[in-house]
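Dear colleague,

I am passing on the structure we spoke about, and you will find the sequence and the coordinates just below. After them I have set out what turned up when I went through the model.

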Amino acid sequence: MLFVTIVKGIGTLSAAIGLILCGVMVYLHARLRGGQAATPVWTLGVSAAVLYKWLAFGGFFAAPFVTAAMANYHLFEGTREVESCARCHVMRPIVNDMMNPESQTLAARHYRNRWIAKQQCYTCHTDYGLYGSIKAKQDGFRHLVKYVTRSYDEPIQYPYRYNNANCLQCHEGTDKFERVPSHTTVRARLKESSISCTNCHGIPHPTSEERTPGHPSYDLRRPR
Amino acid sequence: MIRKHWKVGAVVLGMAFSVWFLLDPDPLPMALYVFVAQPLFLAVLIGYILSIWKDLRRKKVL
């Protein structure tokens with residue numbers, strides 16, 4: 001949390017510095033056009049032309065670079081948090097259910113029992129490996145476009161076959177998992193996701209009806 | 001005026017969207033940062049490099 005605050009602070013500070021540099025550049029540009037390129041500026045002892053070049057480096061490269069670096073860090077790390085998912089209203093019934101202590105959905109049980117300690121949405125919804133992470137980000141950007149352009153229908157639906165690797169990367173190999181004979185029987189099919197873990201272990205999230213606007217559980221609260 | 005200062009305008013707009021996103025990472029500021037601010041920063045960077053290139057060519061360094 002402290003690190004996120006520092007990132008926000010550095011990003012905001014570099015943006016403010018960049019804006020100031022741009023303002024001074026506009027002022028200096030007017031002096032340069034007025035034929036005062038060689039005149040020393042204030043008490044700095046450098047000409048307006050030289051100072052303009054340094055300001056251009058700071059305003060057009062250094063400050064945007066630092067700001068974009070901080071914002072990108074915030075973008076890629078911040079979107080792993082549950083709070084980030086809950087910022088889109090279509091996700092709220094799912095997050096509400098996950099945080100409901102009486103819910104019996106898979107997500108709620110994982111959250112309530114802290115089987116996943118943090119970043120619960122991201123942990124189950126990014127496919128592991130390099131390609132998986134890139135694809136997860138691509139999906140995230142696509143969802144962002146659809147959300148801000150309102151080009152989606154509710155209740156939202158998961159369009160793919162869920163990748164069981166997201167479950168197996170934690171459960172496979174554990175004593176509890178290996179003791180269940182049927183896990184051994186269908187292991188190959190589980191690994192290729194031709195059958196779903198939820199066939200036996202219950203629904204992961206609220207039903208379509210519960211995720212439809214107007215349902216009592218749709219917009220109960222917004223986690224922060 | 002616009003031709004002279006388009007880079008400054010682009011940086012100001014990009015910074016504004018970036019700070020908005022940093023302070024309030026809702027979907028709209030996130031989309032503005034990703035799809036507007038970042039391309040603006042890239043355009044400014046390319047414009048800045050081109051202006052250096054032209055300056056160096058004019059001074060016959062390159």
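Met25(A) belongs to helix H1 of chain A, and in this predicted model the residue is buried, because its relative accessible area is 1%, where the cut-off for buried is under 20%. Leaving aside residues up to four places away in sequence, Met25(A) touches Tyr52(A), Leu55(A), Ala56(A), Gly59(A) and Phe60(A). With Gly59(A), the separation is 34 residues in sequence and 8.3 Å in space, taken from C-alpha to C-alpha.

The helix that carries Met25(A) runs over residues 2-33 of chain A, and its 32 residues should span 46 Å at 1.5 Å a residue, which agrees with the 46 Å between its end C-alpha atoms. Other residues of H1(A) are buried as well, among them Val7(A), Gly11(A), Ser14(A), Ala15(A), Gly18(A), Leu21(A) and Cys22(A). An α-helix has 3.6 residues a turn, so residues three or four places apart point the same way. After H1(A) comes Gly35(A), with a positive phi near 80°.

Turning to the contact between the chains, chain A contributes 35 residues and chain B contributes 29 residues. About 2700 Å² is buried between chain A and chain B, and carbon and sulfur atoms account for 78% of that area. On the chain A side, the residues that lose the most area to chain B are Phe60(A), Arg87(A) and Leu144(A), which together make up 22% of what that side buries. Phe60(A) is also one of the residues that Met25(A) touches.

The second largest pocket holds about 900 Å³ of space. Its lining has 23 residues, and those nearest the centre of the pocket are Tyr52(A), Lys7(B), Ser51(B), Ile52(B) and Asp55(B). By kind, the lining divides into 11 nonpolar, 4 polar and 8 charged residues.

Some backbone details may be worth a look on your screen. In chain A, the loop between helix H7 (130-148) and helix H8 (165-171) contains Pro155(A), which is joined to Glu154(A) by a cis peptide bond with omega of about 0°. The loop between H7 and H8 of chain A also holds Arg150(A), a residue that is not a glycine and yet has a positive phi of about 55°; Arg150(A) is exposed, with a relative accessible area of 53%. In chain B, Lys60(B) lies in the segment after H2, and its phi is likewise positive, near 60°, in a residue other than glycine. Lys60(B) counts as exposed, at 72% relative accessibility.

Lastly, Thr198(A) is found in helix H12 of chain A, which covers residues 198-201. Thr198(A) is partly exposed, with a relative accessible area of 29%, and, not counting residues up to four places away in sequence, it touches Leu106(A) and Pro204(A). Between Thr198(A) and Asn164(A) there are 34 residues of separation in sequence and 9.6 Å in space, again from C-alpha to C-alpha.

With best wishes

Note on methods: Residues are numbered from 1 along each chain as its sequence is written. Chains are lettered from A and ligands numbered from 1 in the order in which they are written. This is a predicted model: local features need pLDDT of at least 70, side-chain atom pairs count only at pLDDT 80 or more; totals for chains, interfaces and linings use all residues. Side-chain values use heavy atoms; hydrogens and water are left out. Helices (H or I, at least four residues) and strands (E, at least two) are DSSP runs, numbered from the N terminus. The expected span of a helix is 1.5 Å times one less than its number of residues. Buried means under 20% relative accessible area, exposed over 50%, partly exposed in between (1.4 Å probe, protein chains only). On a 1 Å grid over the protein atoms alone, a cavity is a set of points where a 1.4 Å probe fits but cannot get out, and a pocket is an open set with protein on both sides within 12 Å along at least five of seven lines; lining residues have an atom within 4 Å of a point. Grid points are joined across faces, edges and corners, and a volume is the space filled by probe spheres set on the points. Ala, Val, Leu, Ile, Met, Phe, Trp, Tyr, Cys and Pro count as nonpolar, Asp, Glu, Lys and Arg as charged, and the others, Gly among them, as polar. Contact means heavy atoms within 4.5 Å. Buried area is the accessible area (1.4 Å probe) that two parts lose on being put together, summed over both.
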